[in-house]
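Hi everyone, thanks for making the time. Have a look at it first.

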2 protein chains.
Amino acid sequence: MPTIKTKHYSIVTGTNSLSSLKSFLSKNKFSAYFILCDENTLLYCLPTLIFACPVLGKAEVIEIESGEESKSLEICANIWETLTENKADKNALIINLGGGVVSDLGGFVSSVYKRGIDFINIPTSLLAMADASVGGKTGIDFAGLKNNIGTFAQAKSVFVDPSFLATLPERHYMNGLAEIYKIALVADASFWKQLQKAGPNQNAEKLVSKSISLKHAIVLKDPFDKGIRKILNFGHSIGHAIESYFLGSEQALLHGEAVVMGMLIETHLAFQKKLLSKEHLVEIYNELSFVFDVKPLTTINVSDLMPFIYNDKKNSKTQLLFSLIKKPGACTFDVPVTEKQIEKALAFFNAHIQ
Amino acid sequence: MPTIKTKHYSIVTGTNSLSSLKSFLSKNKFSAYFILCDENTLLYCLPTLIFACPVLGKAEVIEIESGEESKSLEICANIWETLTENKADKNALIINLGGGVVSDLGGFVSSVYKRGIDFINIPTSLLAMADASVGGKTGIDFAGLKNNIGTFAQAKSVFVDPSFLATLPERHYMNGLAEIYKIALVADASFWKQLQKAGPNQNAEKLVSKSISLKHAIVLKDPFDKGIRKILNFGHSIGHAIESYFLGSEQALLHGEAVVMGMLIETHLAFQKKLLSKEHLVEIYNELSFVFDVKPLTTINVSDLMPFIYNDKKNSKTQLLFSLIKKPGACTFDVPVTEKQIEKALAFFNAHIQ
């Protein structure tokens with residue numbers, strides 16, 4: 001059972017990690033437990049959790065609806081009301097049992113309740129295991145912008161049990177795989193090669209462990225996103241804009257689906273900026289479009305995306321700064337990009353994706 | 001012009017501090033300025049500020065209603081909407097121009113917008129100068145509890161110009177003086193003696209400077225309120241409960257008015273716990289009731305206050321822990337107290353205050 005320990009928190013991965021949670025709960029004295037989950041994790045994961053940690057039988061369960069729409073200020077207010085009504089004090093613990101929506105929301109709610117109480121993450125989706133539950137970014141969507149309100153707040157601990165993946169639908173598995181491919185592309189050439197060679201259907205536990213340790217090493221160097229951590233945003237400037245554009249509509253995309261499109265479009269930006277060779281452009285296009293089910297964005301113009309791109313936290317009012325890859329396994333950041341270049345990259349994407 | 005500098009921020013005090021602000025603004029490049037004020041500071045302080053720093057003429061002004069009711073989630077949402085509409089990015093600066101309500105609210109809003117943008121405090125009330133604008137606690141009231149939601153977030157800088165006090169009504173001046181007497185009582189016997197000797201009508205600039213440096217030294221030792229900083233809560237366990245009880249009613253109290261009552265009641269608790277001598281009990285009762293206009297709490301029973309005391313961030317569900325003074329200038333914390341003892345202290349207060 002691999003464990004990553006830092007001064008402030010630990011990440012435990014492996015099918016035995018819920019027994020680590022059990023000893024964590026017996027070592028740390030909390031005044032009360034609150035489990036945040038959605039209708040799916042309530043049904044499929046909560047019984048497993050309580051079976052492994054019987055003390056959580058007395059926890060207060062707070063259920064939200066699954067989906068990005070729950071990352072709202074209204075839902076935060078509901079949760080804070082529940083906590084207050086239940087007299088949750090500074091020594092209460094919030095347990096986020098779910099995917100990225102649950103950990104983003106639950107992390108934010110915890111980090112400002114009584115000026116911050118402890119929370120732990122138990123990711124149940126591949127996306128949350130490989131990416132969202134680690135790194136200390138929390139947030140909710142506001143005024144149409146993703147993660148417009150949020151904090152940097154580390155979970156007290158993260159317990160990653162890959163056996164929860166057994167209940168995950170295929171589309172959600174691919175959603176998480178997108179971030180795994182991204183971390184390989186920005187940080188580890190040999191992991192990228194391994195993904196190309198063995199394909200997506202590898203042992204999920206190993207993929208998750210590898211992704212977490214790569215991300216963790218980057219976050220440790222730059223916890224507040226001022227420098228090197230920005231490489232984790234590869235694919236996300238465009239990806240977030242696409243995701244925000246479709247948010248709430250019938251064509252709503254999962255985060256990872258938008259990020260795959262974002263990576264492809266931004267790969268062409270890197271090529272235009274002469275950071276990336278044509279061979280690598282072709283290699284990345286072939287690989288991502290082979291593994292993922294990508295559709296062209298024929299109903300979108302670049303002008304639809306620009307307001308969202310300008311509102312991205314990484315950008316200033318006047319300058320667009322992107323994280324772009326130089327080759328598989330190497331990424332640079334704060335590269336200025338123009339609207340014209342984005343338009344060209346979008347056209348290339350639409351022409352080369354069927 | 002005395003300046004306190006730390007690794008993360010500086011506090012400038014004196015009638016010349018707005019010229020320090022001017023050079024601060026020219027040294028730091030912000031993408032946009034937002035000034036948060038209420039109807040009073042808009043009228044009495046904003047012109048002075050813009051006169052001293054003409055660059056702020058182009059700032060977006062966000063006006064809230066004065067009073068504790070503005071420390072609400074609804075007002076936060078309004079401000080975040082204004083920031084988003086104005087495309088405020090991560091490099092925007094929020095300028096909190098006002099009393100404790102403005103800095104508590106503005107600090108919180110800033111600390112979670114885009115996961116945190118810079119803010120500075122320009123306190124305009126004695127309470128904010130001596131206490132609220134320094135120390136990094138932000139917060140809003142929620143579900144009937146003061147500062148139930150908030151963060152620890154340091155202002156980038158604090159500029160304290162005592163000439164703003166000229167426009168402050170007497171009742172609000174006394175409100176701030178309460179925290180000055182408190183800091184003397186918990187941390188500095190000679191400051192307490194000086195207050196006793198010279199009375200409340202001393203040079204405000206000196207009182208403010210002394211209070212800030214005393215508070216600052218304590219906050220530096222314990223920024224997150226885990227230990228010694230708790231002595232700053234003397235008078236506040238009961239004081240906050242009284243303030244919360246009357247919140248929104250016609251008898252609503254100013255923070256400092258409730259804190260004076262809280263200090264008196266908690267002084268008797270210290271006496272009951274044999275931490276404080278009878279002589280000091282009498283000395284503190286005489287001094288505070290002479291300086292401040294304190295009324296007995298005849299309409300309140302201890303049972304009215306208990307729910308608020310239990311919900312205090314310092315307390316757990318099962319144990320009440322108070323910060324109690326041992327003598328003027330010395331305070332201890334985490335002292336267990338019972339409801340019976342609080343009842344007795346309240347009865348003593350009502351019997352000895354006319």
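Let me begin with a term: two strands count as paired when DSSP finds at least two bridges between them. Please also keep in mind that this is a predicted model.

With that term in hand, let's go to chain B. B:Asn121 stands opposite B:Val158 in strand β9 of chain B. The strand that pairs with β9(B) here is β6 of chain B, residues 118–123; two bridges join them, and they run parallel. Strand β9(B) has another partner as well: β2 of chain B, residues 10–13, is joined to β9(B) by four bridges, again in parallel. In that pairing, B:Thr13 has B:Val160 as its bridge partner.

Now, which way do the residues of β9(B) point? In a regular strand, side chains alternate between the two faces of the sheet. On β9(B), which covers residues 157–160, B:Ser157 and B:Phe159 point one way, while B:Val158 and B:Val160 point the other way. Buried or exposed? All of these residues are buried.

Let's step out to where the chains meet. The contact between them takes 30 residues from chain B and 30 residues from chain A. On chain B's side, the elements giving two or more residues are α4 (73–85) and β8 (145–149). Helix α4(B) provides the largest share, five residues. By class, that side of chain B has eleven nonpolar, ten polar and nine charged residues.

Over to chain A, then. Chain A contains 14 helices and eleven strands. Why call it compact? Its radius of gyration is 20 Å, close to the 20 Å that the globule rule gives for 354 residues, so chain A is as compact as a globular protein of that length. Along its principal axes, the C-alpha trace of chain A spans about 55 × 40 × 35 Å. Of its 354 residues, 51% are buried.

Finally, the domains. Chain A is assigned domain 1 (3–167) and domain 2 (170–352), and their C-alpha centres lie 26 Å apart. How many residues does each domain of chain A give to the contact? Domain 1 gives 24 and domain 2 gives 29. On the domain 1 side, β2 (10–13), α6 (126–132) and β8 (145–149) of chain A each give two or more residues, with the largest share, five residues, coming from α6(A). That side of domain 1 of chain A has twelve nonpolar, eight polar and four charged residues.

Technical notes: Residues numbered from 1 in each chain as written. Chains lettered and ligands numbered in written order. Predicted model: local features only at pLDDT ≥ 70, side-chain atom pairs only at ≥ 80, totals over all residues. Contact = placed C-beta atoms within 7 Å. Nonpolar A, V, L, I, M, F, W, Y, C, P; charged D, E, K, R; others polar. Domains from an automatic or database assignment. Rg over C-alpha atoms; globule rule 2.2 N^0.38 Å. Buried ≥ 20, exposed ≤ 12 C-beta atoms within 10 Å, placed from the backbone.
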